[in-house]
Every structure is written in structure tokens, then in C-alpha cells.
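Hi everyone, thanks for coming along. Please have a look at the structure on the screen, and I'll walk you through it.

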Amino acid sequence: MAMSDSPATSIAPLRPHAERKAPDGPVVCVVMDGVGIGKPDAVDGDAVALARTPTLDWLRGLPSGTSLRAHGTAVGMPSDKDMGNSEVGHNALGAGRVFDQGAALVERAVNSGSLYAGEVWRWLLDGVRESGEALHFMGLLSDGNIHSHIDHLLAMLRQAASEGVKQARVHVLTDGRDVPGRSTLEYIDRLEATLAELNAEAGVDYRIASGGGRMLITMDRYEAEWAMVERGWKTHVRGEARKFASARQAVETLYAEDENVDDQYLPAFVVADEGGVGDPVGPIRDGASVVFFNFRGDRALEITRAFEEGEGFAGFERGPVPKVRYAGMMQYDGDLALPTRFLVDPPAIASSMGELLAAAGKRQLAIAETHKYGHVTYFWNGNRSEPFAPELERYVEIPSQLVGLDERPWMRAAEVTDRLITEVDAAARAGAPLDFVRINYANGDMIGHTGALGPTIMAVEAVDLCLGRLVAATRRVGGVLVVTADHGNADQMFDGAGDARRVRTSHTLNPVPLAIFDPRESTGGPVLTGPGSAEAGLANVASTCLELLGFAAPEGYAPSLLRR
Ligand SMILES: O=C(O)[C@H](O)COP(=O)(O)O
Ligand SMILES: [Mn+2]
Ligand SMILES: [Mn+2]
């Protein structure tokens, strides 16, 4: 039931449904981030199955209880080998259609060479040809394909060499979050092999210049912790971090010094001349060109702003800002036009359900804690940061605690729930009741990424407690509760079996639950479309919610799952 490759971009205004009427209270769509449905034969590493979840179990037993595809082509990724993630998941949920996503668009542009035919690539290369400075590449070094893919980097390096760029420097963010926890040496070796080959064959000077863990430097999101970006800036731009002879030596040393550290949290390093004691090999200077090669926007926006914003920049004290030509792999935020220059056009996602509801005069609330705040706002609305109609669409962020995730697996779930209930009641009292609410619980995903099984079980249980409160509130106000997730994570905490078993920190390929509780139905919820619904995906949720709100499913959207 997923849509074809080129979904409709312009959608007609909402029309009332012939029979269905909106409930008295709001339709509340819950995204349990990272809570998928694990495989029956891998229950011992499935934190969702191991958790005590009376409410989720009850919801999944309702007539509507089913599963949805949340990975691969069902969410616009290049292949069904690709995990889902929050960007593509929330895009599909909010837009009701499957768009080819960054990973697929960039893969195509690199393979066809259209990336190098564009004027931005020319501009970057012309810049360093004129200045004699280096071409810098900066981004997440792995094949996770969520924020980036190493193949795109390697292809661009080859192309730069073939076009006569003499000097290139690579600033690597080590992953361990979308790929195994300690896998970065594999990618570093692949990168070094390509650099060595180009240096030997094309007579160029290409090197890794700096690096550090993606959760410690550069890739902050939603302005949760600017200090991360500041550390990254110092490392990549100024060459100020602990010095090593090579990236491999840095990683081996840092692993040996802390047996618990994984690639997500590797301290920052720079590669320095003279066996690691001389000058850093790749600070970014006036005249350089810089490519940030991540295609996904959330964790790319802040470093982009640090490069592009003028005097008004308030993220941190940058010191002297080098005058460079900067481009992103994609434009990370179309509204804010960030960055100004980019190599591949992002998917054009218009007419999200948020936009259609705003145009129909409906009142919406989007709420989450900081870690996932942009997910229910920016990603849900097709990578757009501002509400469509501020008087109708309210965004609420509950500040996340930024340290000790596995020590606080409950995170801010209770506070997010408190606030949702308060907002629903206050809006009703004010005579302006909410029509549609979307809420994200970060727990299953954020704790799942730590790889710690015990805390992840508690994280899922914390979400379940909140679901119980939402069920009660739904009954009280006469609303409808739609519960789903954006992709799996907590549902598989290990890879492999026996001696080969290792901790899995990344997302999964598993489907996610969908359940609808409608207290107006004597059985507790509607019946969904027949056997085909097993093939349904996240994109079907938008039409389903719109029908529950009393609108006909929009033409061009993936169909509603409610049985006629
Ligand atoms: O950015 C991250 O935290 C991970 O790479 C992906 O997680 P998310 O897609 O759930 O945000
Ligand atoms: Mn997610
Ligand atoms: Mn995640």
C-alpha cells in the first residue's frame, strides 16, 4: 500500500467525510520513538517484549491492532536493506506519502554524476583553484545511510582528484550509533586506502585532518547543546584538540584509555605533522572550500549556521571566522534557506497533514522533549521549522535533561504527558478545543541507542505508563488515541548469536505497531482494512487520522486504513 516513487506534491484542500464525524475530544497521535515489533525468535534481546507493557499489550489487542512497515522503500530509502529513522519516519507520518529521501536522492546524484555537473560543485572547486587552499570534507563517517554514506565521500574525493584539486582534508565524525558501537576503524581504513591511492596515483595531498565522536562534537541538534558544536568548530576549524599521528592511532589510543567508550563519544582529535607532535594538518583557513557531506538536516544545521551566519551568531564564541565557500550535501532547512548553497536538491514535501489541517482552520498541538522536538514539528511538516498558522498550530518543547540517559530512562515522558493533558484541558476551557495532537516519546529510541538492555526495558515501561494515562484522558474527553512508532530500535538490542553476539546501538528493520483506541466504538476501536493492511506503512497513518477527524482521505495520499 506504499505509494509510488513520485507522490503528488500538490494536494486539494480537505473535504468533510460523507459519514465520519470528528470526536468530541482531539485525535491524539502518539509516536513511540524507536519502539518496533521484534522477531519472535529473538525475544531475549527485545526490550519491548521484555518490558511490562499492560497498556500497549491491551492496545495491540484491540480490533485495530496491527503492524506497519517503517523501513526501506516504505519510507523512501534506497532499498529494503536500509533501516528506518526519525526523519523519514516522521516525514511519512506527517506527509501521508512516501518521498524519495536524502539517501536515495544523493545516491542517484553521485552515481549519475549529476552532482558534479551542478554549479555548486564548480563554485567549490573554482574557489580552491584560485586560492590554492584545501577542499575540506566534513561529516559522519559510516555507511549507516541515515545522515550520510561513506561511499558519497569517497566518490567526491575521487572526482576532486580527477578534476585537479591538489589538496583535500577530511574531518570525520565517528558513528557507533547508526552502525556497531566500535566499528569506526573499518571506515577509517577504507577512507585511508582511498586517500593513499589518490595520493600515489594522482599526486595529490589528501589527508584526514580531525575527528571525534558524533555525540560529543559537531552534530548537536535542536540547539540542545551548542557546546558540542563549539568543540567541533575548535577541532575542525582551528585544529585545537589532542594531537595524534593518524586517525587510526587516535582511535586505538582512545579505545585503550577507556574500555567503555564507543564511537559515538570518542573525544576530539586532530592529526598533526611530525608523527603527531607538529602542526595540525588541516585547520580551515581563508580561501578554503568546505563540504558538509551529511544529507540529513537535524544534526547539520548548527554547524552550518556557525559557518554561514554573520555577527549575529549567538551559538558560541567562534573567534576569527575563516572566509570559505561552504556547501551542504543538501539544503537542511528550506524555510531558513540553510545552507545557502547545497549539492543535491532535497525532496519537495508540501501539503503535509499539518498544513492541510491548518488551512481547514483546525487547531493542532505538537509536543515532545528537546531530543525529539524537531521530529514532531520540522520533520512532521516536511522539514519545515515554523508552524503553518501560529495561531492554530502550537509547538511545545519540554527541555530534555542532557546527561546520563541510561541513568534516567524515564527521561521527560511524564512531564510531556502532564503538559499534553494540561494543554488539552486548557484549550477546551478557553472555548478553543484542540482537534489534532501529535506527541513523541523519545525513550525507546534514545535509550535504545545506548545499547544498554536493562535501561531500555525501563524506557519502554515508562512510555507504557504514559500511554495508560493517555487512554484514561482519551476516555474522559471523548477523543481518539492513535498509537504508533517511527521505526524500531528498542526491539533489537543485540546482533548475532552465541559468541558472535554484540550490542546493537542502531535502529532496526522491524515493523512498528499501530493501534487506535476510539471510546465511541463498543469494541474499543475501529476495524482496519483487510489482510492487505499487513503491507501498510507509516504513510497510511495520515489519511487514517484525517478520517478519524471527519475528513475524506486526501487524493494523492496513501489510503486510510479504516474499513469503509
Ligand atoms: O541522529 C540520531 O540520533 C540517529 O542517527 C538516528 O536517530 P533518529 O532517526 O531516531 O533521530
Ligand atoms: Mn526516531
Ligand atoms: Mn534514533
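This is a predicted model: local features need pLDDT of at least 70, side-chain atom pairs count only at pLDDT 80 or more; totals for chains, interfaces and linings use all residues.

Let's start with the domains. The chain is divided into domain 1, made of 27-99, 348-510 and 519-548, and domain 2, which covers 103-344. Their C-alpha centres lie 32 Å apart. Where the two domains meet, 22 residues of domain 1 are in contact with 23 residues of domain 2. On the domain 1 side, helix H14 (370-379) and strand S16 (502-503) each give two or more residues, and H14 gives the most, with four. That side has five nonpolar, twelve polar and five charged residues.

Now, which residues surround ligand 1? They are Asp33, Asn85, Ser86, Glu87, Ile146, His147, Arg177, Asp178, Arg299 and Asp445. Sorted by class, this shell has one nonpolar, three polar and six charged residues. Both domains take part: domain 1 and domain 2 each supply at least three residues of the shell.

Finally, the sheet. Here seven strands form an open sheet with mixed pairing, and the order is S2-S17-S14-S1-S13-S11-S12. At the edges you'll find S2 (66-68) and S12 (393-398), each pairing on one side only. On average, neighbouring strands of the sheet are turned by 20 degrees against each other, direction ignored.

Let's zoom in on S2. How does S2 pair with S17, in the parallel or the antiparallel sense? The pairing is antiparallel, over three bridges, and S17 spans residues 512-517. Within this pair, threonine 66 stands opposite leucine 514 of S17.

Key. Residues are numbered from 1 along each chain as its sequence is written. Chains are lettered from A and ligands numbered from 1 in the order in which they are written. A residue is near a molecule or strand if its C-beta atom, placed from the backbone, lies within 6 Å of it. Ala, Val, Leu, Ile, Met, Phe, Trp, Tyr, Cys and Pro count as nonpolar, Asp, Glu, Lys and Arg as charged, and the others, Gly among them, as polar. Domain bounds come from an automatic or database domain assignment. Two strands pair if DSSP finds at least two bridges between them. Axes are lines fitted to C-alpha atoms, for helices over the stretch in contact, and angles run from 0 to 180 degrees between N-to-C directions. Two residues are in contact if their C-beta atoms, placed from the backbone, lie within 7 Å.
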